[in-house]
Amino acid sequence: MSRVLIIGAGGVGQVVAHKCAQVPDVFSEIMLASRTREKCDRIAAQIKRPIKTAKVDADNVKETVSLIQSFKPKLVINVALPYQDLPIMDACLETGVDYLDTANYEPRDEAKFCYKWQWEYHERFKKKGIMALLGSGFDPGVTNVYTAYAKKHHFDEISELDIIDCNAGDHGKPFATNFNPEINIREITQRGKYWENGAWVETDPLSVSKVYNFPGGIGDKKIYLLYHEELESLVKHIPTIKRARFWMTFSDNYLKHLEVLQNVGMTRIDPVMFEGKEIIPIQFLKALLPDPASLGPLTRGKTCIGCVVKGAKSGREREYYVYNICDHEECYREVQSQAISYTTGVPAMIGGMMILTGAWRGEGVFNMEQFDPDPFMDKLNKHGLPWQETFF
Ligand code: NDP
């Protein structure tokens, strides 16, 4: 029986609030706090169980500390933006409360996400006797757990890992992103990078692609190589991996829009002067694009995210695929959100459950693959993200 404070009332925060509310024996009391309180109240009104709401600017450590001190949660689930990771971790340190997020810290002025900043909190969290669980969404998150599960049950040694993220959904809009547009576009427009033989290999943005045949009736889709944060922690914690890559599907239409927006400077993250005022083009673009939360009732089709793992078992080479297929419309019927928010919010809730029930425990800062994957895999099947596996 534990109180949880959820920070961030966007697409993902909505799913986390719904899913925590479905498990009252673990999440005994819930508070949803965000910069705009009305968004929290709107979500609270969708949920049958009463949940508390509050306004907080999580960039301001003092504000978060005083909210934590007044509500007294056992855990803070951070589903605001990556910029807030460090100030929220500071507030957890000050108050002695466990921490969980779904995306690693990223400075505002540089599209460069890596674990360095958050891993540096390890000793301080350890000394305080609290834990931080990093990247408990789908990718990162479930993909890390899938890899740990493959290692535990199916391989003596993993040598290759391909994480493949397919969104075969359609929202009918000419151009929209499935989660926060600013974070999404920063991720996609940076240079690609993958791990090979002990070093990072860089590629031009979206310059490497191939066609992949997805299960579940999705069929052939073009996938593009991107850098994604779980590669960094996975090659650190599973050092036998010789090659690790991350792939994502994009439609030709999406890429055409993105190219034009980039060419005219609309994806820039540095300030420009406009009518005597500084604006950041990508933030202006975010204001014009559809709010990802508004895509819920419009999106049809499925997502398929999984890991293709190669390696050896009992001296023989094998290839294994573990994945989840999620239906946008089914997600909307359950929690009034599309599958991208759903596939992120459910693992955030399950990560919270792992911490609060003691199934996963440690002092310091941890990535998902450092814990026993079995209880998490079990909960995925029970809470809306069933997985399937196959050997090639
Ligand atoms: P949204 O933009 O929809 O929501 C973000 C929320 O955070 C908004 O409610 C926003 O408030 C709030 N927020 C922003 N700044 C602050 C602040 N300073 N203090 C308090 N609240 C703040 O994003 P999503 O829900 O789509 O994404 C949430 C997180 O999930 C992101 O970090 C994203 O990277 C991550 N993610 C992870 C995935 C994974 O698989 N691991 C996949 C998809 C997303 P306001 O409305 O007032 O702006």
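Select strands β10 and β11 to begin: the two form a hairpin with four residues between them. In the turn, Gly216 has a positive phi of about 70°. The model on screen is a predicted one. Now colour residues 209–214, which are β10, and residues 219–226, which are β11. The pairing is antiparallel and runs over six bridges. To see one of the bridges, pick Phe214 and look across to its partner in β11, Gly219.

**A second hairpin**

Move to residues 192–196, strand β8, and residues 199–203, strand β9. These strands run antiparallel and are joined by five bridges. Show Gly192 together with Thr203, its bridge partner in β9. The hairpin of β8 and β9 has two residues between the strands. Select Asn197 in this hairpin; the residue takes a positive phi near 50°.

**Between the hairpins**

Next, go to the loop between β9 and β10 and select Leu206. Leu206 is not a glycine, yet its phi is positive, about 55°.

**Another positive phi**

Select Lys72, in the loop between α3 (61–71) and β4 (75–78). Lys72 is a residue other than glycine with a positive phi, near 55°. With 12 C-beta neighbours inside 10 Å, Lys72 counts as exposed, since the exposed class takes residues with 12 or fewer.

**A cis peptide bond**

Where does Pro140 lie? Look in the loop that runs between β6 (131–134) and α7 (142–153). Display the backbone of Asp139 and Pro140 there: the peptide bond joining them is cis, with omega of about 10°.

**Asp327 and its contacts**

Select residues 316–327 to show strand β16, then pick out Asp327 within this strand. Asp327 has 17 C-beta neighbours inside 10 Å and therefore counts as partly exposed. Leaving aside residues up to four places away in sequence, Asp327 touches Lys302 and Ala339. Asp327 and Ala168 are 159 residues apart along the chain, while 9.6 Å separates their C-alpha atoms.

**The whole chain**

Finally, zoom out and colour the chain by secondary structure: there are 14 helices and 18 strands. The chain has a radius of gyration of 20 Å, close to the 21 Å that the globule rule gives for 392 residues, so it is as compact as a globular protein of that length. Switch to the C-alpha trace, which spans about 55 × 55 × 40 Å along its principal axes. Of the 392 residues in the chain, 48% are buried. Among contacts with a separation of 6 or more, 70% come from residues 24 or more positions apart.

Conventions: Residues are numbered from 1 along each chain as its sequence is written. This is a predicted model: local features need pLDDT of at least 70, side-chain atom pairs count only at pLDDT 80 or more; totals for chains, interfaces and linings use all residues. Two strands pair if DSSP finds at least two bridges between them. A residue is buried if 20 or more other C-beta atoms lie within 10 Å of its own, exposed if 12 or fewer, and partly exposed in between; C-beta atoms are placed from the backbone. Two residues are in contact if their C-beta atoms, placed from the backbone, lie within 7 Å. The radius of gyration is taken over C-alpha atoms; the globule rule is 2.2 Å times the number of residues to the power 0.38.
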